[in-house]
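Q: I am new to this structure and would like to go through it step by step. Please start with a single residue.

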Amino acid sequence: MKTEYKELIDHPNYKQFVVNSKIFDLGRQAEIIGNLAKDSMDKEGDHAKIHCSNIVDWMQDLADQAQKVLDLRLAGDQE
């Protein structure tokens, strides 16, 4: 995630902190799961590589979507 947690804490619209922090947590968890799958691809056989590569792609997509939502919410609060 390109957004840092400190940005959520320091953001002027503190009322949306709870939702923004949940979106942030969702993106971070997706990145962590993706990284674990990527590490497993290096250690396991060909079948695991195919399965794990799908997980890496899905988790990256989920993290990207969470980042886009955060970008929109944080930019919208400043207008």
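Q: Is Y5 buried, exposed or partly exposed?
A: Y5 is partly exposed, with a relative accessible area of 35%. Buried means under 20%, exposed over 50%, and partly exposed in between, using a 1.4 Å probe and protein chains only.

Q: What should I know about the model itself?
A: It is a predicted model, in which local features need pLDDT of at least 70 and side-chain atom pairs count only at pLDDT 80 or more, while totals for chains, interfaces and linings use all residues. Residues are numbered from 1 along each chain as its sequence is written, and side-chain values use heavy atoms, leaving out hydrogens and water.

Q: How many aromatic pairs are there?
A: The structure contains two. Y5 and F17 have ring centres 6.0 Å apart and planes at 75°, so this pair is edge-to-face. Rings of Phe, Tyr and Trp (its six-membered ring) pair if their centres lie within 6.5 Å; planes under 30 degrees apart are stacked, over 60 edge-to-face, and the rest tilted.

Q: Which helices hold Y5 and F17?
A: Y5 lies in helix α1 (residues 5–10) and F17 in helix α2 (residues 17–43), so to speak distant parts of the chain, twelve residues apart. Helices are DSSP runs (H or I, at least four residues), as strands are (E, at least two), numbered from the N terminus. F17 is partly exposed, at 26% relative accessible area.

Q: What about the other pair?
A: Y5 and F24 form a tilted pair, 5.5 Å centre to centre with 55° between the planes. This pair also joins α1 to α2, with its residues 19 apart. F24 counts as buried at 10% relative accessibility. Ring pairs link Y5, F17 and F24 into a cluster.

Q: Changing topic, which residues make up the largest nonpolar core?
A: Its seven residues are A30, A37, C52, I55, V56, M59 and A63. Such a core is a set of buried Ala, Val, Leu, Ile, Met, Phe, Trp, Tyr and Cys residues joined through side-chain atoms within 4.5 Å. Helices α2 and α3 (46–77) each supply at least two of its residues, and the largest share, five residues, comes from α3.

Q: And the overall fold?
A: The protein chain has three helices and zero strands. Its radius of gyration is 15 Å, well over the 12 Å that the globule rule gives for 79 residues, so the chain is more spread out than a compact globule. That radius is taken over C-alpha atoms, and the rule is 2.2 Å times the number of residues to the power 0.38.
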